[in-house]
Amino acid sequence: MKAGIWMRLRGLIRKESLQILRDPSSIAIAFLLPAMLLLLFGYGVSLDAKHVALGIVVEQPSAAAASFTAQFSNSPYFAPQSFPNAAAAQTALSHETIDGFVWLRSDFARRVAAGQDPDIGVYVDGINANNARLIENYVQQSWADWITSQADLAGASNPVPINVEPRIWFNPAVSSRDYLVPGLIAVIMTLTGALLTALVIAREWERGTMEALMVTRVSMHEILISKVVPYFLLGMGGMAVSVTIAVFLFGVPLLGSLLVLTLAASLFMLASLGMGLLISTIAKNQFVAGQIAIITTFLPAFILSGFIFDIGSMPAPIQVITHIVAARYFVSILQSLFLAGTVWPVILPNLLALLLMAVFFLGAARLAARKRLD
Amino acid sequence: MRRAARLCVAAMPPETDAAPLVLEQLTRRFKIGKRVVVALDAVSATTAPGLVIGLIGPDGAGKTTLMRLIAGLLRADSGNIRVFGTDVAADPLKVQGMIAYMPQRFGLYEDLSVQENLDLYADLQGVAPEARAARYAELLHMTGLAAFTTRLAGKLSGGMKQKLGLACTLIQPPRLLLLDEPTVGVDPVSRRELWAIVDHLVRGQGMSVLLSTAYLDEAERCDEVLLLHEGKLIGAGKPSQFTQAMAGRSFQVRAANISKRALQGALSRLPGVTDAIIQGEAVRMVLDAGINPGIVGESGQADAVITPVPPRFEDRFIDLLKAKAAAMAIEPAPSAKPPAAARAPAAQPGTEIEVSHLLKRFGDFCAVDDISFTVARGEIFGLLGANGAGKSTTFRMLCGLLPATSGSLQVGSFNLRTAAATARGRLGYMAQKFSLYGDLSVLQNLRFFSAAYGLTGAKRNARIDWALREFELAPMRDATSRDLPLGFKQRMALACALMHEPDVLFLDEPTSGVDPLARREFWQRINALADSGVTVLVTTHFMDEAEYCDRLVIMGQGKVLAEGTSESLKSACRDATHPDPSMEDAFVALIEADSARSAAQVRAA
């Protein structure tokens, strides 16, 4: 009897593996799509502002104005252009050829010399909120820096009482790629775990193979295990590929323990597989299964996991909802492991949450799966 | 010694001797939309071991539901099932250990090879590794798949897939084998091979088999038959019992001075006639019990030649259905009024369709290889062939949906190669699966199809009224098409195809799986259409449908193998082994001769 179980499991797992190897769509979802997403997010999408088109309007050229505006031309974040007057810059702004402009009035040099605060006009295109905030902050920062350096040059005492020196921890380069790419691994694993699994089981229903399987001596446990094992390996393979690309192609640091990463990924993969299996018990055709998997697993992993959008700045009800998104816990672990190292106070609660979710979804899938058609 | 024997008997569980299958008052309902369909209605039966039991009935009779209930895949609403004494609902796993089940679309993994599929099912059925080689060899030899073990299952022909499916279910011989419509959509040659496997493997090993089919002619190959109709068991017993009940009631009628369709119409209207259908050039008539064949004279055909013929299983089915209808006091025979009466009287004779040297290549594969035939106006013309014989490709070219590689195609006065769109306006097409919009109501479908054919205003309304009236669709005009019974859907599909009063009607396997009464009604309409001058082209691999055609061609490997009336085709293959060949005999003989010829050519080359 025992031997029978092993024989059946071996047969089913071998069948599943052969199907994965021969089916171009599973290879595409497991390896091609992750590579595409990684390249897209690694190279294409960047939340950093660089070479922002910034207009500079200096009404009355002076040494002080030139010295102040030089800060913009020397910055990697800006590509400054000069405009003769504010009206011309405004036109350029409304044509979206620049993202904003800095306006130094004719009394700039005089007021600086007199030790007064000159009025500096900062106009930004609010549509690109990210760039707008950058310009605003940078101008303020530049002004503070510049006025300090001017005072130093003059040998006078520091007119700015507090010197703000921001320090950014855990991502010193403030590169969005470094925190997007680790988070993306969670999204990619959702694809193989939930989407691919739900699709392949729905396909078995569509082709009538599930009906044939169910009438054999196979138990529901065996069918579920035979799905979990190969797709678990496939998902972990996808994870390994993603981590390799992240570290070696994009140069994202991996400060934490690889072992903890593997453990967290395994738990997350099991939770994802559980969701995929659960979906497949409800959706018996590939179209519906795909839709449900994308809406309930892929999109939340994208939007609600803190991978792009910071959970802390979400409205309170949405923050509550994020707690049922498995990807949220995995993204926290990933970002911590990649950028900060193995910080147990962060990792441990998240690992526990993942463990609970894996147990919950696999258990629910087992309870929902029946060896019957009704 | 005696004591030991007694102990042995006592130790034997009582169910060992039990019947393979006991059904008790089995009822199962489904909710489809707002309608509750009773798929099985208090079905009771007991089968004897070691027999091939035919579960026979048209589509929607409840065959698949019964199979799934037995296999433990569905639960009954009431009643119970015992397989060798074990209650299915109580211990499905134990039952699943005793049975093998081949669902309608058998679960072959198309991306696995023949051998890998066999290995998988051997693992699932727990066949010991050392026992496999011999079993595989036997099954592969039996199914003729030995040469294809490395081929992917998805690349096999329909018949080969079905045989592989059967082989997979039989690796570990079960005590009860359930086959759900194994022969549906399979050409006659493969059908015979499947039956040969069932006969050899199953009967030879004393296995019990429950085999469902919509083909009534397969009933006679079974040891016993359960006849299902609309969820009710309307007959059970040996097939010979069914036919014996009809002894002396079946006749062939020929009349020289009247067309076969007129004769069939006249006979079917006579009181005391159970059934009258066209068979070749004659009419096959079944009389009510105790009626003298002399009543044919009452139809005005005193000089008709009446020959007694042996009864068929289908005769009894019709008889039972009519008795049931009479008992329920619903309208008895659907005496279809000629629907095309509104049409102009029969058009003048002439050629409607002319196909010459038609050729279609896909890459280096020649799907249609230099075929020629003509169809006269008002003729019912059949295109018969196995899967892959090229009939669908020919059909698509005739409908102007697929350009021909070379050759000419003429419909009426239009050349399909240069004026496909104009010619298409004169064609009506009814697809195999009745391509209707399931979410739309009957009326909405009619509106849509009439608009699609370019009908507008008063003309369109007039045609919709005509369709609702002639096809008796009015009572269901607001019902969602998906929920309609199959026969009703078929009527509606025909109405949709006729909205623009086409001169040529294409029917793709129009009545396979439809119950025999609905099929008769359908053909009466088609006959009336043909009489009014509509040319009808039918593709089918359903042999009964071939009999209704005036003339037909049999296709094989893209070529026309034979052309003529069904009688001339049948008599061409008459020999000592087949003194009275059926259409299927003629078909199989032609296909086998063709395969032998091409095999000889391969050897010569």
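Figure 1. The structure is a predicted model, in which local features need pLDDT of at least 70 and side-chain atom pairs count only at pLDDT 80 or more, while totals for chains, interfaces and linings use all residues. Residues are numbered from 1 along each chain as its sequence is written, and chains are lettered from A and ligands numbered from 1 in the order in which they are written. Along its principal axes, the C-alpha trace of chain A extends over about 95 × 45 × 40 Å. Chain A contains 14 helices and four strands; these are DSSP runs numbered from the N terminus, helices being H or I with at least four residues and strands E with at least two. Domain 1 (2-45 + 175-368) and domain 2 (52-154) are given by the domain assignment of chain A, such bounds coming from an automatic or database assignment. A distance of 48 Å separates the C-alpha centres of domain 1 of chain A and domain 2 of chain A.

**Figure 2. The contact between chain A and chain B.** Chain A contributes 25 residues and chain B 23 residues, two residues being in contact if their C-beta atoms, placed from the backbone, lie within 7 Å. On the side of chain A that touches chain B, helix H1 (2-22) and helix H8 (209-214) of chain A each supply at least two residues. The largest share of this side, nine residues, belongs to H1(A). By class, the side of chain A that touches chain B comprises eight nonpolar, six polar and eleven charged residues; Ala, Val, Leu, Ile, Met, Phe, Trp, Tyr, Cys and Pro count as nonpolar, Asp, Glu, Lys and Arg as charged, and the others, Gly among them, as polar.

**Figure 3. Packing of helices H10 and H11 of chain A.** The axes of helix H10 (residues 258-282) of chain A and helix H11 (residues 286-303) of chain A come within 10 Å and cross at roughly 140°. Axes are lines fitted to C-alpha atoms, for helices over the stretch in contact, and angles run from 0 to 180 degrees between N-to-C directions. H10(A) and H11(A) are therefore oblique to each other; angles under 35 degrees count as roughly parallel, over 145 as roughly antiparallel, 65 to 115 as roughly perpendicular and the rest as oblique. In H10(A), A:Ser272, A:Met275, A:Gly276, A:Ile279 and A:Ser280 meet A:Ala289, A:Ile292, A:Ala293 and A:Thr297 in H11(A). The contact of H10(A) with H11(A) has five nonpolar, four polar and no charged residues.

**Figure 4. Packing of helices H4 and H6 of chain B.** Helix H4 (residues 114-124) of chain B packs against helix H6 (residues 158-169) of chain B at an angle of about 30°, with the axes 9 Å apart. This angle makes H4(B) roughly parallel to H6(B). B:Val114, B:Asn117, B:Leu118 and B:Tyr121 of H4(B) form the contact with B:Leu164, B:Ala167 and B:Cys168 of H6(B).

**Figure 5. The domains of chain B.** Chain B is divided into domain 1 (18-242) and domain 2 (245-333). The C-alpha centres of domain 1 of chain B and domain 2 of chain B are 35 Å apart. Ten residues of domain 1 of chain B are in contact with eight residues of domain 2 of chain B.
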